[in-house]
Amino acid sequence: FSIVRFEDLQRLLFVHGFWSYSRLVRVVLHFFYKNATLVLVLFWYQPFRAFSGQVMILPLHLMLSTFLYTSLPTIVVGMFERDIPSSTLLTSSHLYSSTRTSSLYTRWHFWIAILEAGYHSVVIFFVSLGTFSDSQVGIWQFGSLVCSCCMLVMLLQLAVQVTTWTVLHMISMLLSLSLYTILGLAYSSVCTTCQGYQIMQSTLTDYRVLLASVLVMVCTIIPRVM
């Protein structure tokens, strides 16, 4: 492409260049975060199963959790996020220097994302474990609560970073939750011979699941808002 007028180059560089870099950093860090969260949640379960490799989340949700359930909101944020208004970027050109020095994405930012994933995974797993500690629920119902909390926390972690909300942001969030719920209900209803038959139905009707989900979201969001 070509720039017809030099005055157009200023907006392309200082505004869209900054937004592009900022969006890319946000998306990359979130992908690191959500994959680390899911892996660590599975890891905390291993001492209770003698490190046998047994997982408590249904294979369907393991395959789709970071691909289908949580990818759309991340893509929307990567396309439409505007953390600093264009008017500010045009009048404060020094802000663009953060893209040249890579100060928005450093090792420190990476390890903060991993530490946040570790903290969230601990909260998700042990709150879920405590919820069913005195009951006779099976492994798949326990895993259904863990997976549901993972989806909610991952979307919440991304939502609190959004500074420019649009209709597309809200639709993508609701669509992600709807896909998880609908596919989970369909899988546990239709596949009578599969693992986890009727698990999603029993999970959604259990008041302990609702209370645990709220507690997990509150505990995980506190460090962000403080």
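**Cavities, pockets and cores of the model**

Good morning. I shall begin with the second largest cavity, whose lining divides into 3 nonpolar, 3 polar and 2 charged residues. Please keep in mind throughout that this is a predicted model.

The residues around this second largest cavity are Glu116, His120, Val153, Leu156, Gln157, Thr220, Ile221 and Arg224. Helices H6, H7 and H10 each give two or more residues to that lining. The volume of the second largest cavity is about 30 Å³.

In total, the structure holds 2 cavities of 30 Å³ or more. Helix H8, residues 167–190, and helix H9, residues 199–204, each supply at least two residues here. The largest share, 3 residues, comes from H8.

The largest pocket has a volume of about 300 Å³. It is lined by 16 residues, of which Val25, Arg26, Leu29, His109 and Gln161 are the closest to its centre. H1 and H6 are the elements that give two or more residues to this lining, with H1 providing the largest share, 6 residues. The class division for the largest pocket is 7 nonpolar, 5 polar and 4 charged.

The second largest pocket has a volume of about 250 Å³. Among its 14 lining residues, those closest to the centre are Ser148, Leu152, Leu204, Val209 and Ser213. At least two lining residues come from each of H7, H8, H9 and H10, and H10 contributes the largest share, 5 residues. By class, this lining comprises 9 nonpolar, 4 polar and 1 charged.

Which residues have the most contacts inside the largest nonpolar core? They are Met56, Ile124 and Val146, in a core of 31 residues. Helices H1 (6–45), H2 (59–69), H6 (107–131), H7 (139–159) and H10 (207–225) each supply at least two of the core residues. H7 gives the largest share, 9 residues.

Met56 deserves a separate word. Leaving aside residues up to four places away in sequence, Met56 touches Val41, Leu42, Tyr45, Phe125, Ile139, Trp140, Phe142, Gly143 and Val146. There is also a second, separate core of 6 residues, including Val77, Leu158, Ala159 and Met173.

That concludes the presentation. Thank you.

Note on methods
Residues numbered from 1 in each chain as written. Predicted model: local features only at pLDDT ≥ 70, side-chain atom pairs only at ≥ 80, totals over all residues. Heavy atoms only, no water. Core = buried A, V, L, I, M, F, W, Y, C linked by side-chain atoms within 4.5 Å. Buried < 20%, exposed > 50% of the residue type's maximum accessible area, 1.4 Å probe, protein only. Helix = DSSP H or I, 4+ residues; strand = E, 2+ residues; numbered from the N terminus. Contact = heavy atoms within 4.5 Å. 1 Å grid on protein atoms, 1.4 Å probe; cavity = no way out; pocket = protein on both sides within 12 Å on 5 of 7 lines; lining within 4 Å. Points joined across faces, edges and corners; volume = space filled by probe spheres on them. Nonpolar A, V, L, I, M, F, W, Y, C, P; charged D, E, K, R; others polar.
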